[in-house]
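Student: Please take a close look at one part of this protein. I would like to go through a single interface.

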Number of protein chains: 2
Amino acid sequence: MTAASICYDRIGELVTCVPELGDGSPLGVRTDAAVVVEDGVVVWVGDAGRAPATDHRVEVGPRCVLPGFVDSHSHVVFGGDRSAEFAARMAGEPYEAGGIRSTMAATRAADTAQLAERATALVQEMRRQGTGVVEIKSGYGGDVDTERRCLEVAAGLTEETTYLGAHVVPAAFDGDVDAYVSLVTGGMLEVCAPLARWVDVFVEEGAFDADQAREVLTAGMAVGLGARVHANQLRYGPGVQLACELGAASADHCTHLTREDVHALADAGTVATLVPGADFSTRSPVYPDARALIDAGATVAVATDCNPGTSFTTSMPFAIALAVRECGLTPSEAVWAATRGGAVALRRHDVGHLGVGAAAWLTVLDAPNHLHLAYRPGVPLAGPLAPPDA
Amino acid sequence: MTAASICYDRIGELVTCVPELGDGSPLGVRTDAAVVVEDGVVVWVGDAGRAPATDHRVEVGPRCVLPGFVDSHSHVVFGGDRSAEFAARMAGEPYEAGGIRSTMAATRAADTAQLAERATALVQEMRRQGTGVVEIKSGYGGDVDTERRCLEVAAGLTEETTYLGAHVVPAAFDGDVDAYVSLVTGGMLEVCAPLARWVDVFVEEGAFDADQAREVLTAGMAVGLGARVHANQLRYGPGVQLACELGAASADHCTHLTREDVHALADAGTVATLVPGADFSTRSPVYPDARALIDAGATVAVATDCNPGTSFTTSMPFAIALAVRECGLTPSEAVWAATRGGAVALRRHDVGHLGVGAAAWLTVLDAPNHLHLAYRPGVPLAGPLAPPDA
């Protein structure tokens, strides 16, 4: 039995994210286009009405089709509810990294089926809003068994699993960070590494300093994991420089960057992954300066940081609208950052674009062009046209 | 034939917006509740499982039900597209009131069926996101015939129609504001008043000054229209004081308020209707200070200002999230402002709450409580549980 081929025809605007397939811009936009998908892969892109014969044909009409969003930063495996903490923060309480511990307790208390049910529902919510590939981190376990269970849940939902044992130091360690780092780089890593593609660490006052973070990352890299870093979220700090020093795929947050940080990112080829939803929901006084990053030649991605404490959004369109409003990206740059940018941050060549050979995550907008993602904030315009297995 | 009665039972959290029906707070929240609707009207509110017998029963479960949002400020009758202008503004161009004229030209060129199709689609988009009652303004006509056509379209969609002949001075008047005010208060008013409940004016540099605005409003009030004002959007100005002086139901925008403006609103009982989506999409350097308004005793409403130039969102949840993040409302205050607050701004007693006798606009959230509207920004959580005619 061979897979059926489908032609998505008469697409008003097709965003390919391959410059030479379109108008030469990074988004590679072409109008009145068609895409042929076979066996979950894009096999042809061209003008409407000119596609080779296929088993099925879908008339898309005057809407925009773009690659499924690549959400390269999420924490959707957790237990508990933090809406009351959120409401308190909105009434004036500040956010510090320690709030993570309340979710840690609830996550340990939850059984794996409960964790999987919640995480699956959140990934489905993402998919309904046009997200294709999603990265999922552990980090609310804080002990070997719970971190393992969280990564098992994540691995059931995505290939892009990240071991974030070093999220915060669990209360049980009573501030003995070195003892916890020994666990994270020792027994916990041994159990978790086979379930993960990436290793990550939260570099922040109240979490891990540069030396501790370097230990965590190098231990993970030594067993074959790629590196990513939570860097420079709440204040200036060493996270970005460490990420660049170690050749991490991505430094995430980047809300507080020095000029040196910006140039280090550009020079190292480490992607700056902006998660403006977190800056929004923590009432950060500043947002990341994407303009400075792009002007310096750095690669910028945009992600949701979906998590119950500081950014409980699954919406890539919301992240795009914020990145335009607050971070200085143009609408087109923000769409690129949410698709191809996310793919670069995950070092994936097969997603985030619609060139021949790409996984066929196709997202459609209830709008004539991609500008509407920023032009119409908060409106649920994006949804799946087709996932690769359709 | 009598209308069927329906019991919505086992509601996890019911927001009534009637303090004495719930926890005594302005939101009147009660848990494990039930609502009975008959003939499009709420006829009973109480504990789950205790409702009188009804023809039908719907089990709602652990979700939040609240009154349909009251979007008291929108401009959904227009022609044309301004996504390119939006993209240019996001690349650095400032917003001034004159951009309205490009929509004016496109609106005049559109036939009434086209205007109705677009406006109907936008109102349906609002309804899918949980909005019940919507106010709709004219204002993209700028001549008698087009203003009339726009109000006819609006009147086909809502009772809350607003005559905004005085939006900007059309290009054809070549800057002769007084000549245009004569038309707006004369022949245009005569044709439009029978189609409108309200009269509105844009008080702003480049639009209308206080004396011109007073002429427009008093002429409208003389033929029985209620007054509302676009006030203090782009800079400090006389709009709020004028609204209070004339006893307008609402002063809308209120982004730049002096201490005197804040107290005038509280003293006059004129609602301050905040439209933070406009501040978002124009990249306003500041947002309205809702905290100062509430602390002074003013009534605050939140609306979308849905329009193609400066706030092309239909999402009341987005307006709520922004009002919390940027204007200093608590999540609960923002939900009140988007329901009962909007009703007060329209001087309606039968909507924006779920007391007995209210029109049965019931909105349901895919979330356990109302805090999630601000806690989960960008996520499409809200939708209709039932409109009054269900």
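Student: How many residue pairs in polar contact does the rule find across the interface of domain 1 of chain A and domain 2 of chain A?

Tutor: This is a predicted model, in which local features need pLDDT of at least 70 and side-chain atom pairs count only at pLDDT 80 or more, while totals for chains, interfaces and linings use all residues. Residues are numbered from 1 along each chain as its sequence is written, chains are lettered from A and ligands numbered from 1 in the order in which they are written, and side-chain values use heavy atoms, with hydrogens and water left out.

Domain 1 of chain A covers 5-68 + 352-384 and domain 2 covers 69-345; the bounds come from an automatic or database domain assignment. Their centres, taken over C-alpha atoms, are 29 Å apart. Domain 1 of chain A and domain 2 of chain A each put 19 residues into the contact (heavy atoms within 4.5 Å).

Between domain 1 of chain A and domain 2 of chain A, about 1,500 Å² is buried, with carbon and sulfur atoms giving 73%; buried area is the accessible area (1.4 Å probe) that two parts lose on being put together, summed over both. For polar contacts, the rule finds six residue pairs across this interface, both residues at pLDDT 80 or more. A polar contact is a pair of N or O atoms within 3.5 Å; within protein, one must be able to donate a hydrogen and the other to accept it, and residues adjacent in sequence count only if both atoms are side-chain atoms.
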